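Subject: Structure for you to look at, with notes

Dear colleague,

I am handing over the structure below, and I would be glad if you kept it open while you read.

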Amino acid sequence: MPAVKTHTADLATELVDAAGRILAAEGAAALTLRRLAQTAGTSTMAVYTLFGDKQGLVAAMYREGYRRLGAAMAEAAAGVDDPLEAMVRYGRAYRAAALANPHLYDLMFGRPVPAFAPDEDAQETADGTFRPLVLGVQRCLDAGVFVGDDAERIAFHLWAVSHGMVSLELAGHLAAGAAARDTAYEESLVLSSWPFLKL
């Protein structure tokens, strides 16, 4: 009999990913703590200890998805002096994080678990990933690269385009071939920022 895995942070991350794959492939009804424990090769008690119940598990999945997105966004533009280049890197990082975590992306932005609603702490984690984009837009405005007077409104527009393109890609609606998808996304970054560029 294989040894039961201990209750570690690594196990929690492994369980979050396993749960995300179950949810993405089979839906919310298939995601039970017993099924997750069997899939991950650990005990049901370990899952309960780490997450409390299914709601706790889903909340952990939600937070982890946004934690990974936030980390990717922070790393993308670290040390980049050119504000416009930083914005491009934010856009690329957003897509890369989504493609690396498709099993969590739908939970972050959709309702695959109808009974789940993020609590205040989880919502703050999610909202925090938007702030670098707003600050990046403000840098562009301050540098005279962008025109406008509402960084949050511009950031929301840019995010909406990126989110739409990523969602289409994850759903298989973009052109076949990695190069074609890369080109389509890069074009979306350029076209979405065009109305705000100071020419």
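The largest pocket holds about 520 Å³ of space. A pocket here is an open set of points on a 1 Å grid over the protein atoms alone, with protein on both sides within 12 Å along at least five of seven lines, and its lining residues have an atom within 4 Å of a point. Grid points are joined across faces, edges and corners, and a volume is the space filled by probe spheres set on the points.

Before going further, please keep in mind that this is a predicted model, in which local features need pLDDT of at least 70 and side-chain atom pairs count only at pLDDT 80 or more, while totals for chains, interfaces and linings use all residues. Residues are numbered from 1 along each chain as its sequence is written, and side-chain values use heavy atoms, with hydrogens and water left out.

The lining of the largest pocket has 27 residues, and those nearest its centre are Tyr94, Phe130, Leu133, Leu158 and Trp159. The elements that supply two or more lining residues are α4, α5, α7 (120-128), α9 and α10 (178-193), and α5 gives the most, with six. Helices (H or I, at least four residues) and strands (E, at least two) are DSSP runs, numbered from the N terminus. By class, the pocket lining has 20 nonpolar, six polar and one charged residue, where Ala, Val, Leu, Ile, Met, Phe, Trp, Tyr, Cys and Pro count as nonpolar, Asp, Glu, Lys and Arg as charged, and the others, Gly among them, as polar.

How many cavities of 30 Å³ or more does a search of the whole structure find? The search finds one, a cavity being a set of grid points where a 1.4 Å probe fits but cannot get out. The largest cavity has about 60 Å³ of space, and its lining is made of Gly65, Leu69, Tyr94, Ala97, Ala98, Asn101, Tyr105 and Met108. Six residues of the cavity lining are nonpolar, two are polar and none is charged.

Next come the helix pairs. Two packed helices are described by the angle between their axes and the distance between the axes. Helix α1 (residues 9-26) packs against α6 at an angle of about 75°, with the axes 8 Å apart; axes are lines fitted to C-alpha atoms, for helices over the stretch in contact, and angles run from 0 to 180 degrees between N-to-C directions. That angle makes α1 roughly perpendicular to α6, since angles of 65 to 115 degrees are given this name, while those under 35 count as roughly parallel, those over 145 as roughly antiparallel and the rest as oblique. On the α1 side, Val16, Asp17, Gly20, Arg21, Leu23 and Ala24 meet His103, Leu104 and Leu107 of α6, contact meaning heavy atoms within 4.5 Å. Five residues of this contact are nonpolar, two are polar and two are charged.

The axes of α1 and helix α3 (residues 44-51) come within 11 Å and cross at roughly 100°, and α1 and α3 are therefore roughly perpendicular to each other. Here Leu11, Ala12, Leu15 and Val16 of α1 meet Ala46, Val47, Leu50 and Phe51 of α3, and the contact has eight nonpolar residues, with no polar and no charged ones.

Not counting residues up to four places away in sequence, Ser162 touches Tyr94, Tyr185 and Leu189. Gln55, which lies in helix α4, counts as partly exposed at 36% relative accessibility and, with the residues up to four places away again left out, touches Ala115 and Phe116.

For the chain as a whole, the secondary structure comes to 10 helices and zero strands, and 42% of the 199 residues count as buried.

With best wishes

Definitions and conventions: Buried means under 20% relative accessible area, exposed over 50%, partly exposed in between (1.4 Å probe, protein chains only).
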